[in-house]
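Please consult the sequence and the structure alongside the text.

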Amino acid sequence: MDYDFAIIGGGSAGYAAARTASAEGLRTVVIEGGREVGGLCILRGCMPTKTMIESANRFLTLRRAGEFGLHAGAISANPAAILARKRRIIGEFADYRRQQLEDRRFDFVRARATFADAHTLRLDWPGEPPRTLSAARILVATGSTVQTPPVPGLATCGALTSDDVLERETIPASLIVLGAGPVALEFAHYFAALGTTVTIIQRGPQLLTGTDPDIAAALESALRERGLAIHTGTQILALERTAAGVRVTFTQNGATLTVEAADVLNALGRRPDLDGLALAAAGVEAPRGRIQTNAHQQTSQPHIFAAGDCCGPYEVVHIAIQQGEIAARNAARQQRADPPPLESIDYRLNLFAVFTEPQVASVGLTEAGARAAGRAFRTATYPFNDHGKSIAMGETHGLVKLLADPATGEILGGSVVGPHASDLIHEIVVAMAFRATAAQLATIPHYHPTLSEIWTYPAEELAVPSGT
Ligand SMILES: Cc1cc2nc3c(=O)[nH]c(=O)nc-3n(C[C@H](O)[C@H](O)[C@H](O)COP(=O)(O)OP(=O)(O)OC[C@H]3O[C@@H](n4cnc5c(N)ncnc54)[C@H](O)[C@@H]3O)c2cc1C
């Protein structure tokens, strides 16, 4: 065998696995087939979006200057300059990742990989003759790609994808956003903040499918107050180009409606990127287009692992990294023939954040998740419009919410919609990591006045045994 461990894909999951595998002493190679090196998070995901959203957030703040007794003068947004800043920052991140991949802890090969059999990969790169390499163990970490569902007109009406939007140097007068997941809502927030008239069309009954309805409703009301139009519970019938842009026809509550805008963004989700991998040649199963893994990140072939967006179930970076690291450590255990068990992934601290305004974040169980898991729970909430620091900041939308075990008081989950939610949630992540109870959280000192001290109110409520 040429290598102990071959990794297909040099994104977040692939790089984390390579770093871990080389530290474990495995002879490792990373094969990266993209035009650019860096992976989705750096090139077209988390980092470019957050860089651009930072401009939108500051623009919103400047527009509220008068409310704080300030005069900001005439302000305007320069989308070309926003993108120039993004390109500079992303260029630096990508350069750094390239250095990390090329610093010789493991081999790094630019090629598109295809399975020839369960231990052999065929490598193709333009201008170079195809070659093969063999490995005792392989990790598939090929990420995801934009999905275009079979809606009439969607593929032909010139709908933008998140990739397109990240390179657009103009701000459309109006934009229809299809979908209401994190990517859809972050772009809806970005463009609305910069002055675009935004309409969100969502199939499900609420924004952010999977979050608790009270959290989604708080976000929806804040976005509506900012002027975004939101249609939930819809079925999109067709998209067509018009002289003015794009028209979307959809049904809602039995009525057929149309909305027209200069542009439409397809943010209806992504699918695992398994194109051209020839997984069947290696005997790796991918039912419904997604690689199936067990808790050790093994596929249907025990020596072939998968990590990140290509297998899910949560398409976020810290999970991709965690899965990649676990796959690498398990590959090393197999190589050393360590006695079982292999390391397992644990999604108890399942965490996500959405960088809208206000932000949304959640960790652990939601109410629906607790019910589905058959777990008894108590819940308590507290609104930001009754909290000193958020009132002083003028950031009064939203609430925090805790779920706790009624018998032990252990915190089972937390959610925030409100200011700095993506940072605030980490207090609950840490509390849950140490299996803290609501009573313990309530008595841990919190500086006054801070946003963080808002957690003590639902914690105090849950600290009191139920029925007292
Ligand atoms: C707009 C947007 C915003 C996002 N924001 C966030 C956020 O704020 N926070 C968050 O946690 N997540 C966010 N995500 C999701 C996050 O970016 C992904 O979950 C994460 O980057 C996935 O990492 P990965 O390693 O699985 O895939 P990738 O980083 O996509 O890496 C896969 C790599 O495999 C390579 N490849 C594919 N096929 C082959 C092949 N056959 N041979 C060789 N190489 C191959 C690709 O070129 C690519 O470099 C966002 C996503 C999008 C689209």
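Which residue in strand 20 is the bridge partner of R378?

## Strand 20 and its partners

The bridge partner of R378 is A404 of strand 20. The model discussed here is predicted. Strand 19, residues 378–383, pairs with strand 20 in the antiparallel sense, and six bridges connect the two.

Strand 21, residues 411–418, also runs antiparallel to strand 20 and is joined to strand 20 by six bridges. Within this pairing, L402 stands opposite G414. Strands 20 and 21 form a hairpin with six residues between them. In the turn, G409 has a positive phi of about 80 degrees.

## Burial of strand 20

Strand 20 spans residues 399–404, and six of its six residues are buried. In a regular strand, side chains alternate between the two faces of the sheet. Here L399, K401 and L403 point one way, V400, L402 and A404 point the other way, and all are buried.

## The ligand site

The ligand is surrounded by 35 residues, of which the closest are A13, E32, K50, D309 and V317. By class, this shell comprises 15 nonpolar, twelve polar and eight charged residues. Helix 2 gives the most to the shell, with four residues.

A ligand nitrogen atom lies 2.9 Å from a polar backbone atom of G33. A ligand oxygen atom is 2.8 Å from a side-chain N or O atom of D309, and a backbone N or O atom of V317 lies 2.8 Å from an oxygen atom of the ligand. On its own the ligand has 1,000 Å² of accessible area, and the protein covers 91% of this.

Note on methods:
Residues numbered from 1 in each chain as written. Predicted model: local features only at pLDDT ≥ 70, side-chain atom pairs only at ≥ 80, totals over all residues. Heavy atoms only, no water. Near = heavy atom within 4 Å. Polar contact = N/O pair within 3.5 Å; in protein donor to acceptor, adjacent residues only side chain to side chain. Areas by Shrake-Rupley, 256 points an atom, 1.4 Å probe, with all protein chains shown as cover. Nonpolar A, V, L, I, M, F, W, Y, C, P; charged D, E, K, R; others polar. Buried < 20%, exposed > 50% of the residue type's maximum accessible area, 1.4 Å probe, protein only. Pairing = 2+ DSSP bridges.
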